[in-house]
Amino acid sequence: MSRSRMRSSLDEQIQAVAGSLFVSEYFSQSAQRLSFYSWYGNAKVFHFHVPEDTVLLRWLLQASRGKEPECTSMEVTVHFRYGAPPVINPLGTHFPANATVRPSYNISITLSSAVQNTTFVNITTPAAGDWFIAAHLPEAAGRIEVKGFSTPCTYMFQADMFVLRLTDMPVLEPGVAMPQTIVSPAKPLHVKVFVPKYTARMWFELRSCMTSERRACTVRVVLGSITLPQSFQRIITCTGNVNCSVSLDSLPWEKWVQIMVESLGTANASVSLEMLASFTDCRPGSTSSFLNFSSLNQSQAGSGPGSPTPSTGMALRNTSDQRSFCLQNQPVVREDLDVVSVRYRLLNGPSVAVYSISPTLLLLNLNSGMDSGGSLVVNLLLNKTSLSQANATVVACVSAASPVLSLNTTQNCSTAFFQGYPLSLSTSSAEAMLIVLYPQTDDWFLSLQLICPKGQSECNTAEAKVTVIAYLTPCFNDCGPYGQCSLLRRHGYLYAGCSCKAGWSGWSCTDDTKAQSVGAQNLATLLLTLSNLMFLPAIAVAVYRYYLVEASVYTYTMFFSTFYHACDQPGIAVMCIMDYDTLQYCDFLGSVVSIWVTILCMSRVKKILKYVLFVLGSLLIAMSLQLDRRGVWNMMGPCLFALIIMISAWVYHGVKRRHCYPSSWKRWVFYLLPGITLAFIAISVYAFMETNENYYYTHSIWHVLVAGSVAFLLPPRDKHKKPWAWSQKLTCRYQICQNDREELYAVT
């Protein structure tokens, strides 16, 4: 479907549904090239912002593939999430312990015979704020492809967003009955109500419902907005003239709550009704501001001997004071450390007092818009000596948008529109940890309350001290010893992901199902490094035949290839003598220059021309590697040019001598043909057989074959050159001097 046709059909739907009260808006982002999935960095992320008062959201998803013969049928997986990037697990790996994972909402788009596939996804009454889409191809095959040897198929994905927004949505005032009319079932009624801070409960009532035909009405009421992957809308159906009501606890503070009412009656009948909303406030209690500033100064400058230390529970000792509050606020300071890195510090010390009468509440601000790309870590530690009731339990709940204020009665870690993450502490289990991967952008709350098994009466005077450690980190535990934490970017949005190595996998590289053992890592390191010693025969042959420049190049290549692969290892057997990028560049440079000087040496051109080509070619190779280090033509270009020079020189020598060059059949059978065979086998292994799993031994074979081919392909020394005779070079009483021109010897 074309863009103009799709847009016109949407406009027709908008006019049919709403008339002039609604406004349509269109948001688009540039297409991205899809990748096969091996870690989160392969998923292409799209970030959109849904405006307030949106009643209809439509995604237009377009997937396409190239027309090359390499392109086959492919399945594109698209994930959706509200508030943060989707947490996905296409490979079925394990997540770290204590991490909470909820399956993402996803769909599949199949690209078979069609070059392009267009899919629509509609969401009614979506939550306002950040929405994320992540798309990727199936699992990567693991084959290492040399850039330029093959042309991979191009798969593209683009996401566009259309929203239908109500321009003048009615506002339901608390405590004021608002009459409204539903014109027809095709035009539902939308209203919104603002939830003030410290609201404990909302009572919503629908009454005086009557159709235009003076009959009993049937309507459906939907409270809240849709969020993915999970939605917690409250839906009630009201029938007849009886008042219909619902009570909602723990609503999102300082936010608008949408209410949609739709008629389930006949198509031609309108419905009139009244709506009423009322709130129950919560009176917070907290320590004084003087104590807060005093604690802040002490935490920064330190307390001197004899300086007064404020008690955390000073304001909470009186039980009658506690009963007058529905929660106890603990002031928390947000300290930004780096990108997607935040530390939360309690002003009154790392420990908080927890009671049974009212919950202790901590606010963890993740509302900056750049915090959803990391991991929120909450660690709780119970001080056993502070627990006066040995059989009591500290119940905790981590929730977004609104706190849970009734842990002592329900012990349920759920709010009106969000399912929180429960934790518990006791004398038998004094520590608890929670890891929230990609926490949604919002205010997060930590609620703690003391629970006694025989009832709250025995807990009235009980108290527990809990140490709270909370922070936001890009990658939990920095991806461990077998992973690398990478900061990813989509336009101005930053998020982090772990790239695992040595066979480890998982979100934080904690899944050792396919991990390499330490012995296998040591073996891989030894194979990749010691296989470079096969250059020693080539160096010895070059020195023996007076090719000293070539021998120097081979020595350079052997040295940097050995230490590059010692630094390039994914496991613990790693040794880097200098910067990794420098070692890699020197290894690539030495490899290509070695091939260049070997073929030029075989061409048997004049020495002055050979050395000029050595220097000029090395400079050009260094430049091309700086431009594109992994391009296949960085190796193939010098090889082909050197081969042209060699073939031209051999043809010249053959024409001049009037017979084949090289003329000796032994040279062809015992040196050239074995060397060429080894070189072709090496190129085949390097270009077509290497994968992530077999890299350590296939690349070691490449080292051996290339070094062996060099030893075979080096031409014999010049005829007037004699073998190295070290005894004749030593000065002992007299010297032996040789005159190459007259071939006479004289003793001096």
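1. Helices (H or I, at least four residues) and strands (E, at least two) are DSSP runs, numbered from the N terminus. The model discussed here is predicted: local features need pLDDT of at least 70, side-chain atom pairs count only at pLDDT 80 or more, and totals for chains, interfaces and linings use all residues. Residues are numbered from 1 along each chain as its sequence is written, and side-chain values use heavy atoms, with hydrogens and water left out.

2. Helix α9 covers residues 633-657, 25 residues in total. Its first and last C-alpha atoms are 35 Å apart, close to the 36 Å expected, where the expected span is 1.5 Å times one less than the number of residues. Just after α9, R658 takes a positive phi of about 65°.

3. Which residues of α9 are buried? They are N634, M635, P638, C639, A642, I645, M646, A649, W650, H653 and G654; buried means under 20% relative accessible area, exposed over 50%, and partly exposed in between (1.4 Å probe, protein chains only). An α-helix has 3.6 residues a turn, so residues three or four places apart point the same way. The cover over the buried residues of α9 includes α7 (580-603), α8 (607-627), α10 (665-689) and α11 (695-713), with contact taken as heavy atoms within 4.5 Å.

4. An unreviewed UniProt entry places the feature "transmembrane region" at residues 523-547, 608-627, 633-652, 668-689 and 695-714. Its positions are given in the numbering used here, feature names are shortened, and annotations may be inferred rather than shown by experiment. In the model, residues 608-627 are 100% helix and 0% strand, with end C-alpha atoms 29 Å apart. Residues 633-652 are likewise 100% helix and 0% strand, and their end C-alpha atoms lie 27 Å apart.

5. The structure holds nine disulfides, each defined as a pair of cysteine sulfur atoms within 2.5 Å. One of them joins C71 to C153, with an S to S distance of 1.9 Å. This pair links distant parts of the chain, 82 residues apart: C71 is in the loop between β5 (54-65) and β6 (74-82), and C153 in the loop between β10 (129-139) and β11 (155-166). The link of C71 and C153 is right-handed, with 105° about the S-S bond. C71 is buried at a relative accessible area of 10%, and C153 is buried at 14%.

6. The disulfide of C238 and C244 has its sulfur atoms 2.2 Å apart. Is this disulfide left-handed or right-handed? The torsion about its S-S bond is about -75°, so the disulfide is left-handed. C238 is buried, with a relative accessible area of 4%, as is C244, with 13%.

7. C209 and C217 also form a disulfide, with 1.6 Å between their sulfur atoms; both cysteines are buried. Two further buried cysteines may be noted: C586 has a relative accessible area of 11%, and C601 has 3% relative accessibility.

8. S372 lies in the loop between β25 (360-366) and β26 (375-383). This serine is buried, with a relative accessible area of 1%. Leaving aside residues up to four places away in sequence, S372 touches G83, A84, P85, F132, Y438, P439, T441 and Y493. With Y493, S372 makes a side-chain to side-chain polar contact of 2.6 Å. A polar contact is a pair of N or O atoms within 3.5 Å; within protein, one must be able to donate a hydrogen and the other to accept it, and residues adjacent in sequence count only if both atoms are side-chain atoms.
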